[in-house]
Amino acid sequence: MSYHKLTRDQIARRVAQDIPEGSYVNLGIGLPTKIASYLPADKDVFLHSENGLLAFGPPPAAGEEDPELINAGKEYVTMLEGGCFFHHGDSFAMMRGGHLDICVLGAFQIAANGDLANWHTGAPDAIPSVGGAMDLAVGAKKVFVTTDHVTKKGEPKIVAELTYPATGQKCVDRIYTDLCIIDVVPEGLKVIEKVEGLSFEELQRLTGATLIDATQGQG
């Protein structure tokens, strides 16, 4: 039976569905920033950006960009009613002080125990870019990760143990890939959702760590 991988926008839309009303949420650079476009207008979610924004909204319409309103990924954003901006030192105090309910980050690797590597591959020619990832990984109450399930070379991104430098240890709570959703629980990696047509056996073959099937007959 064939299956189709989720697009980056489909992943972002799926994560948006899981963000509770009233949450304070940081969206990391890259795919996570797309989530802002899929949060319902009638849901109060307070988006935080490490460069000093709180309660910002989706990207502006073409021609309405404000060069002073950008997120940490240097993308234009809008401000919602009551939103504000401030010094990045205050922003990092929010991150480190446990004031964020959720942060959504990208990843190079995620280990079976929830360790995260997303700032450096360790390659001699790689340019490390940690930004606020370490602060977010340990400071947010929950860490969601969005990523492709495998690399462009077909190597698993979900592994038994990290081989890249760690961003945070035992910090990941949920993984959203283009193939499935996995909860990181004390028992291990629990698959709670997968794309239609994908067998658990095939998903396991594409994963570098042991999975637990909790999809209840999906696919």
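**Close-up views of a predicted model**

Lys 74 is exposed, with a relative accessible area of 68%. All views are taken from a predicted model.

**View 1. Lys 74, an exposed residue with a positive phi.** The loop between E3 and strand E4 (78-85) holds Lys 74, whose phi is near 60°, a positive value in a residue other than glycine. Most residues other than glycine have a negative phi. Because the relative accessible area of Lys 74 is 68%, a value over the 50% cut-off, the residue counts as exposed.

**View 2. Ala 55, a buried residue with a positive phi.** Ala 55 is placed in strand E3 (residues 53-57) and, although it is not a glycine, has a positive phi of about 65°. Its relative accessibility is 7%, and Ala 55 therefore counts as buried, for which the cut-off is under 20%.

**View 3. The buried residues of helix H2 and what covers them.** In helix H2 (residues 88-96) the buried residues are Ser 91, Phe 92 and Met 95. These residues lie on the same side of H2, because they cover an arc of only 95° around the axis. An α-helix has 3.6 residues a turn, so residues three or four places apart point the same way. Strand E2 (46-49) and helix H3 (133-139) are among what covers the buried residues of H2. Just after H2, Gly 98 takes a positive phi of about 75°.

**View 4. The largest pocket and its lining.** The largest pocket has a volume of about 580 Å³ and is lined by 28 residues, of which Ile 29, Gly 106, Ala 107, Phe 108 and Asn 118 lie nearest its centre. Two or more residues of this lining are given by each of the elements H3 and strand E8 (142-147). By residue class, the lining of the largest pocket divides into 13 nonpolar, 11 polar and 4 charged residues.

**View 5. The second largest pocket and its lining.** For the second largest pocket the volume is about 270 Å³, and the lining consists of 16 residues, with Pro 40, Ala 41, Lys 43, Val 45 and Leu 80 lying nearest the centre. The elements that give two or more residues to this lining are E2, E3 and E4, and E3 provides the largest share, 3 residues. The lining of the second largest pocket divides into 11 nonpolar, 2 polar and 3 charged residues.

Key
Residues are numbered from 1 along each chain as its sequence is written. This is a predicted model: local features need pLDDT of at least 70, side-chain atom pairs count only at pLDDT 80 or more; totals for chains, interfaces and linings use all residues. Side-chain values use heavy atoms; hydrogens and water are left out. Buried means under 20% relative accessible area, exposed over 50%, partly exposed in between (1.4 Å probe, protein chains only). Helices (H or I, at least four residues) and strands (E, at least two) are DSSP runs, numbered from the N terminus. The arc is that of the directions from the helix axis to the C-beta atoms. Contact means heavy atoms within 4.5 Å. On a 1 Å grid over the protein atoms alone, a cavity is a set of points where a 1.4 Å probe fits but cannot get out, and a pocket is an open set with protein on both sides within 12 Å along at least five of seven lines; lining residues have an atom within 4 Å of a point. Grid points are joined across faces, edges and corners, and a volume is the space filled by probe spheres set on the points. Ala, Val, Leu, Ile, Met, Phe, Trp, Tyr, Cys and Pro count as nonpolar, Asp, Glu, Lys and Arg as charged, and the others, Gly among them, as polar.
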